[in-house]
Structures are given as C-alpha cells and as structure tokens.
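Take a look at it first, then read on.

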2 protein chains.
Amino acid sequence: MTPETAYADLVRRAREEALLASCADLLEWDEETYMPKAGVAHRSEQRALLAGLLHERGTDPRYGELLDVLEGSELLQDPDAAEAVNVRWLRHEYEREKKLPRSLVEEGARVASLAYEAWIEAKENADYAAFRPWLERLVGLSRAEAEALGYADTPYDALLEEYEPGVRTADVAALFAVLQQELLALLGEVGGSSRKPQAKLLRRDFPVDRQRLFSEAVASALGFDFEGGRLDLAEHPFCTAVGPGDVRLTARYDSRSFPRGFFAVLHEMGHGLYEQGLDRAHFGLPMGEVVSLGMHESQSRLWENLVGRSRPFWRAFYPRTRAIFRDALHDVKLDDFHFAICAVRPGANRVEADEITYNLHIFIRFELERALIAGDLTAAELPGAWNDAYRRLLGVTPADDAEGVLQDSHWAAGLFGYFPAYTLGNVYAAQFLEAAERDVGDFAPAWGKGDFSGLLGWLRDNVHRHGRRWTSAELVRRATGAPPDPAPLITGLRRKYGELYAL
Amino acid sequence: MTPETAYADLVRRAREEALLASCADLLEWDEETYMPKAGVAHRSEQRALLAGLLHERGTDPRYGELLDVLEGSELLQDPDAAEAVNVRWLRHEYEREKKLPRSLVEEGARVASLAYEAWIEAKENADYAAFRPWLERLVGLSRAEAEALGYADTPYDALLEEYEPGVRTADVAALFAVLQQELLALLGEVGGSSRKPQAKLLRRDFPVDRQRLFSEAVASALGFDFEGGRLDLAEHPFCTAVGPGDVRLTARYDSRSFPRGFFAVLHEMGHGLYEQGLDRAHFGLPMGEVVSLGMHESQSRLWENLVGRSRPFWRAFYPRTRAIFRDALHDVKLDDFHFAICAVRPGANRVEADEITYNLHIFIRFELERALIAGDLTAAELPGAWNDAYRRLLGVTPADDAEGVLQDSHWAAGLFGYFPAYTLGNVYAAQFLEAAERDVGDFAPAWGKGDFSGLLGWLRDNVHRHGRRWTSAELVRRATGAPPDPAPLITGLRRKYGELYAL
C-alpha cells in the first residue's frame, strides 16, 4: 500500500462517514422544527442507530492501518497542506472515538433525543422536577464519557476538548477571571451613569410575520445564501449544516420584543455564514470543517453584536425597519433606537443579554457545569445554585425555573462543556474585527450604506476557508497577528459603552 | 440455534433495517418539503449511501441461514400468526433483494433524487426536453431492475410485483379492459344528460391560509391524529410514514380552485389513516406494514371520493365551509356545491379528475409505462404518445407538457408500475364501503352528523391492523366475502351519477 492509495482510501472512508453523520444532522434539525410530538420515541431510536453505525465506522481498525502508512510519509511534508491536516485530525478523532464504548455512544444519542423533548415540556410548565431525572442521566453519561476519554486535571477537560481542542479548563478559568473583573467594573460604571436608554421602545407591537420577513431580508443582505439555506421556527434558535448547499437556521419571534427574534437570527446567521464559507471541495474532511465551537461562536457573536448592534449597521437598516414596523417606531429616532438595542441591564436571560452582562451568564454556566461533572453539585441542588449565582453575579432572581435553570437547551441535548465557547467567541470576534479593519480600513462608511462585503470577504479569506488547518489559537494568531487575548474585547466594550453612557 | 433464537435474531435485524429505512424516508420527505434547492447534490449522495447500506443489510447471508432454520419449524404452524407472516415476507424480500446488484440500487437512489429536482424545474417551464435525459436514465434503471429480478411474461411484471405482490400485468390489463368499457359507456350517458353542474362556483376566491386551516380541521375531524402527524406544503401531494407516531401528509393549494387542494388532502389523509392504523407493536416487520400500494390507494381513494364527495359528508361540513369561505359561497346552496364537486368532465389532469374519468387517466399511464419498459416506446416519442392517448380516450389535448406528460411525479421518482394501484384501489375501496355498510349499517345518518368513526373503526379492524397477514386479494376476500371485483365500483358510480345527472 502506497501513501497515495492509503490516503485515497482514508478520504473515501471519512467522506462516507460524514455523509452518514449528515443524515443524523437532518434528523436532529427535524426533531427541533417539524417532527410531530408523538414521533420522539422513534426518533430517539433512529438517532441511536446512526450514532452506533458512525461509531462502528469511526473505530474500524482499518483507519489505524491507513494512518500508520501515512504518518511519516512524504505526502505529509507540508504540515499546512490538506493531506497533513486531514491525517492529523482523523488520527485525533480515531484515537478519541476508540476510547468510547459503542453502548455509551448509542445511549447518549437515545437519551439526548428523549431528554430534549422532556426539557421542552418541563420548560413550558416551569417544572424542573420533571426534567431532573433526565438531567441526572445526561450528567451521568457525560461523566462516563469523560472517564472513558481520560483527562489531565479534571473530567471537564475531556469534555471541553471536544468543543475547543487544545484548550484546558484551567486556561478558560484564568481568562474568565480576568474578564469578570473588567466586566463587573464596566458594569458598575454604566450603572452609575445618568444616561438611560428607553428599552421599552422595543417592547411595542412587532407583528411576527413582519419580523420573519425582515429577518430574512437582513440575513440575505448580509450575505447569507437562501438558495443554499433556510430560516425556520424552533423552540431554541440554532444552526445546522446538513451539507454543501444546505445550511439551516432557526429562530423564534415574540411580537412584544423586537430584539429577542432579530438578534438571534443575526447570531445564527453568523454560524451559517461560517458554514457557507467552508471549502466545499473538502466536504467531509477536517480541511472542510469548522475549527472549534469557540471559532463558531466568534462568527455568530461578531455578526450579532459587533455588526448588528453597531451604529453604522442601523444607519443602513433603520429606515427600512421603521417603514416595516411603522406603528411601533414612527416616533422613535435612530439614536434612541440604537441606544435601546444596546441597553445594558442585568437580567435572567442569556440569549437576550447585552454585550457586557452576556459573559457573566456564561461564567455561571461554566461554574455550574464544572461542578456537575466533577460531582460537586447534584441535579437536586442545581436550581438553588443557579439562582444563588444569578443573585451574586447579576443581582437578579429568575421568576421561575423556566427563566432560570431550564432556559437553555444545551444541557438537555447532552452538551456539557459547550458554554465557554460563547465567551471565547466574543474574545476572538473582537480580535477579528480589529484586525479586519486594520487590513481593509474602517468599515463604518460601507456599513452605513448597507455594504458588509468587506468584512465577510475578510472572514472568508482569513477564517472560513482554512477549515481545521490550524487550532483555534493558531488561527487567531495567523489572522490577527496575536494569540487569543481579551484586550480588544474589553477595549471595544469600553469605547462603545463609554460613548453611549457618556462615561 | 433453535427456531426461537433464530426468530429473535431475524426480528432484530429486520427492525434495525426498518429503522435505517425510516431515516431515508425522512430525507425524501425533507427533499420535497423544506430542503434548499442547492442541497440536492448532497441529498442525492445521502440517499445513495443509505440505499447501499440497506441493500448490504438486506442481502446479508445471515438472513438466509435464519430463514432456513425457521422454515418448516413448529413456530410457523399457524400461517396467519405473526411469526409465519413475518418469515414468509422476509424470505420474499430477501430473495428479491439478492437479485439486485448494490450498484444498481445506489444508482437508482442517486438518480431519483436528482431527476426529481430536474422534473420540478422542467414542469415549471413546461420543458420536456430538459427532463427527457433523466427519464431515459430512469427507464433504463427500471428495465435493468426488471431484468435482474426476472419475470414470467413481460418485464413490467417484475415492477408491478413490487407494488402489488401476486398480481400480473395480464390480470391488470383484463380488469382495466372491463372497466374501460363500462366507464366509457357511463361517461357517454352523463355527456348526454341535460343536467349540468356549475363547476365554476369552485373557481372563485378561496384564500389559501383558510384552505390550510379548513383542511387540517376536516382531517382531524375524520380521525387523523395530528399529535402523531403533520400536513405541510409540497409541489406534489404525498404521504410519508416516518415511523410510529410520525405520519406526514403534504398538500398544495390554489386560491382559485377549492377542490384541487381539499381533495388531495383527503386523499393523502386516507393514506395517513392507514399508516396510523397499523399495529405499532409490529413496527419494522411485515405484520406492521401495509399490504400493497393498491391497498394503500384503496384507503386514499375511499376517503377522497366515497366519503369526501358524498352528500352526507357535505351535509355535515358545508355549513362550516360556507362560513369560512363566505365571500365565495354565500350564494351557493348545498345541492349546487355538491353537484359541482362531483362534476364529470374529461380533462387533462389526473389528480383533479372526477370519479369516472379518473381511471381513464390511469389506463393511459399503464399503457405508456408498459411500452416504455418493454422498449416499444422511446422517451422521445412519449409526449406525442401521451397527447394521442388523451385525445383518443378523453377527447382533450393538454395545453403543454406541464399539463401533459410532466404532470405526475411518479416517473420522476423512478416509480414505474405504481399507477395501476390507483384503479385497483378504487375497486377495493368500493368493495370495502359496501361490506362495511353491510356490517355496520347505513353510514349516511352518522356522516350527516359529522361522525365517521363507524367507517374508520371497520377499516382499522378489517384492513389496517392486519398488516401483511394476507395478500391484497385475500385481504379483500376476508374483509368483504368476495375476491377483487369491479362490480361494486361500477354499481356505485352508476347509482351516484345516475341520481346527479338524472340518467
């Protein structure tokens, strides 16, 4: 077997696996959008079957043989070329996958599907007790997974590695500690300002059908391709890339809150632009995949906040917004509207949080899920710990468990270790925007005219098209000239909120 | 290996295969409802992969070993018990599947997906030339399939066997010849009547959103369970059973034609009621599957016509209909509305055809697809042959190929041999209704009050719950006391249209 034939076989296998995984992705998308309620038991069996088949393929000893032939061969001379990138990551995944027993993988898929439906119902009824047994099973499965995978310091490391390869719990904790101090200081200053936005302007009547049309129009104007994508309704906004030419976003709208739906669409669209910017020629291989969840969230948070909550963005879009929502906005000026959508106000809800307090919500989840996985916190103690943390860090108490511990879907889907990605994303996003403006020039004039192609082009060139060529840290360094660093995020927030609140 | 352990293994394998097949079903449903256009190439690869995996599993020699142990064992003593039924059909499918090369199965799935998208576009543009190369490939694949499967008289037999096991082309041709003569005679009498319905009443303005709500309400009232089902929009109405608790219908609506959308919903709902009436405990096994396509169409055509175009049905629903479509129907009496929805008028469209001419559309397709498969007709000659047949049998000429040869999706999906099922379904349906009224009593009083549970209960007991226990012919005999027989269909049509047209 030559390295060339081994590589061809490896690619064929990896692609077939990705194709099968993409069937599972569609099942998941459908479960959260259109599946009838009574279909959940069957869906859970379908997902378990595919998870088992994927695991069987992913652990085929043939992978090991092929990788052995390739490693050290001339074919991988250039570490940044597709061959080396693909072999490196496929080895990583093969070793990881081999450590997981098939029964655990199948059980995880089965339980996640059922638990998700249970979470939806529990949230509707603000009934944590109904969800608790599911959470216990999910935590148990994640702990078993961490034990099977192994870790250096703490079981949480093993889970974090899935979402942000190469990053350790201790690194995240150190970064978050710095950020927390800075953000709380800034929050204090904002709270002391005499300038106050009129957030209630955004709680007038915004008809849902108009919000849907408007959101699609904006996503389209920013560069999301609807020939190869969709935007549907779901309980929780998310983005699923089924495959090349098929990237799907979801949203939920509330007629009494413009920001709730709109910024979630921008967020998911940011994910979607990343997926649409991957190199199709490499579909199914690490070179055609996103780097990490943190990198993914850097794209979503960038479009949601650094673009969508900027003044130039609204200079371009506010006239149309006011025309569409005339009854609600006829007497609202651009400056007042912009200040309202940037209003800083500690609250119980993460997705709707402002740019400053958002990260505090993440710190809380990071702390609690670490404790759950470490066995230092039980599912029974969780709601109390949640509410305590909210009082301590944000000074608010959730009205009930639906607004509290049940608000996010992540744990219900079995995703422990995911949350830090949001704040890592905020950090990377600020670095990207700073670097892009350094490379391309100030974006404000173009954005004010509704032209976002400069930023999108920069992201495609510097982030999207590289797939998993480098780790997230290395990608940040190559794109921006600096390693991951919270300074641009803090500087950006200080500048923007300093102006808005006249600090 | 005891027969008991062999049976347990067989059941486990068959169920897992059904679970995987149900993933493919969801991919197909999604392709025709929500998939973005640009996703088709990827979807076609997904479907080819699953078709290949299913074929690999379906031809596993282990099946043969298990069946060998079981056949002749005491476990199968009662031929009507689940064990015997399952073993009989699984043997049938195993032998059939073994004859098909995997490459042909994969290619069939891949081409069907791409051809379907090409058909949609060709139909939009009434551009048969754009679809012709696809049709040629599809016919070629079906001919190759027939050759691989083998047949007694004609290649079409091999295809028909898939949809209506045990029925031969010659049987169908003989039945259709009898029916054709009777239907043309009745059509002549109707044409000579001086009574004329006002079909134009149904081409007033029926807002689409109201049609959607109304259709769902009626389907629900007739017994379709929306907790375990859906009704979405699609280019072509169809029904997909993803699995227990997940049965999906699609429809299309036209604001200028009430019958186009409404009767298609009743039709698909009939399919859906059959699927929802199968025994869940047997999911994934022949005992929990529909008998044949003809039996499936008997259910759809029964609810669409024998119920939905009956006078008692409209006695129950017309007041609500008039309230919802007040602008269109405020001056229309029940009798005139009912006569209009039963109007007999030869036309170019099958789905919208009346109960008499509908079967003539089927005869045309049966004749043409037999000729295509036999190699007696080329794809190039097809549009001409189609239009000739329409002139000859129905006296109409399609306005273009969209209304002509491109009107149906079946061939575009690679389904050759399916069409006879509609007329077989009409035959069975008339027999079922006659038998059900003999067993339960005249349905008119209950239907007039909106109660259809008597009929649904009879169908569940006598048809749905039996799965594939018997062939379609035997099921008809057990349920009605007679073998398949066109007499009740002809008698029913003569009685109904004799009254309406005062023959």
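What follows covers symmetry, the hairpins, a salt bridge and a charged patch.

Keep in mind that this is a predicted model. Start with how the chains relate. Chain B can be laid on chain A with an RMSD of 0.0 Å, using a turn of 180 degrees and a shift of 0.0 Å along the axis. That is the relation of a two-fold axis.

Now for the strands. In chain A, β2 and β3 pair in the antiparallel sense over four bridges, and T240(A) sits opposite R248(A) of β3(A). In chain B, β2 and β3 also run antiparallel, paired over four bridges, and there A241(B) faces V247(B) of β3(B). Here are the hairpins side by side:

| Hairpin | Residues between the strands | Glycine with positive phi |
|---|---|---|
| β2(A) and β3(A) | two residues | G245(A), about 80 degrees |
| β2(B) and β3(B) | two residues | G245(B), near 75 degrees |

On to the charges. Side chains of opposite charge can pair when their charged atoms come close. Over all chains, the structure holds 90 salt bridges. One of them joins the side chains of R57(A) and E16(A), at 2.7 Å from N to O. Why is this pair worth a look? R57(A) belongs to helix α2 (residues 40-58) of chain A and E16(A) to helix α1 (residues 3-33) of chain A, so the pair ties together parts that are 41 residues apart in sequence.

Which residues form a negative surface patch? They are E121(A), E124(A), D127(A) and E235(A).

Conventions
Residues numbered from 1 in each chain as written. Chains lettered and ligands numbered in written order. Predicted model: local features only at pLDDT ≥ 70, side-chain atom pairs only at ≥ 80, totals over all residues. Heavy atoms only, no water. Patch = residues over 30% accessible without salt bridge, like charges linked within 9 Å, V, L, I, M, F, W, Y side chains within 5 Å. Areas by Shrake-Rupley, 256 points an atom, 1.4 Å probe, with all protein chains shown as cover. Salt bridge = Lys/Arg side-chain N within 4 Å of Asp/Glu carboxyl O. Lys, Arg positive; Asp, Glu negative; His and termini not counted. Charge placed at Lys NZ, Arg CZ, Asp CG, Glu CD. Pairing = 2+ DSSP bridges. Least-squares fit on C-alpha atoms with pLDDT ≥ 70 in both.
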